[in-house]
Amino acid sequence: MEQKCNVGLPINVGFIGAGNMAKAIGEGLTHSGMIKPSQLYISAPSDRNLETWKALGAHTSHNNGWQE
């Protein structure tokens, strides 16, 4: 039985690396309703995995020392 979180967390979540582990955690957080995709920040050295995150609405970068 899947449960949705009624209250989203007021935090941003960042991943250094956009691979399988980040994807599993990020999808779990967004599918449960705990955070919105726009609260995810992901960095990776290439666009290979970042394209999936961009399509979801997450913030992406090639720079691990991110500053907006």
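Gln39 is buried, with a relative accessible area of 13% (buried denotes under 20% relative accessible area, exposed over 50%, and partly exposed in between, for a 1.4 Å probe and protein chains only). The model is predicted, so that local features need pLDDT of at least 70 and side-chain atom pairs count only at pLDDT 80 or more, whereas totals for chains, interfaces and linings use all residues. Residues are numbered from 1 along each chain as its sequence is written, and side-chain values use heavy atoms, with hydrogens and water left out.

Gln39 is located in the loop between helix 1 (20-31) and strand 2 (40-43); helices (H or I, at least four residues) and strands (E, at least two) are DSSP runs, numbered from the N terminus. A polar atom of the Gln39 side chain lies 2.6 Å from the backbone oxygen of Ile11. When residues up to four places away in sequence are not counted, Gln39 touches Leu9, Pro10, Ile11, Asn12 and Val13, contact being defined as heavy atoms within 4.5 Å.

In helix 1, the buried residues are Ala22, Gly26, Leu29 and Thr30. They lie on the same side of helix 1 because they cover an arc of only 90° around the axis, the arc being that of the directions from the helix axis to the C-beta atoms. These buried residues pack against strand 1 (13-16), strand 2 and helix 2 (47-56). The face turned away from the buried side carries the exposed residues Asn20 and Met21. Just after helix 1, Gly33 adopts a positive phi of about 90°.

Terms used:
Polar contact = N/O pair within 3.5 Å; in protein donor to acceptor, adjacent residues only side chain to side chain.
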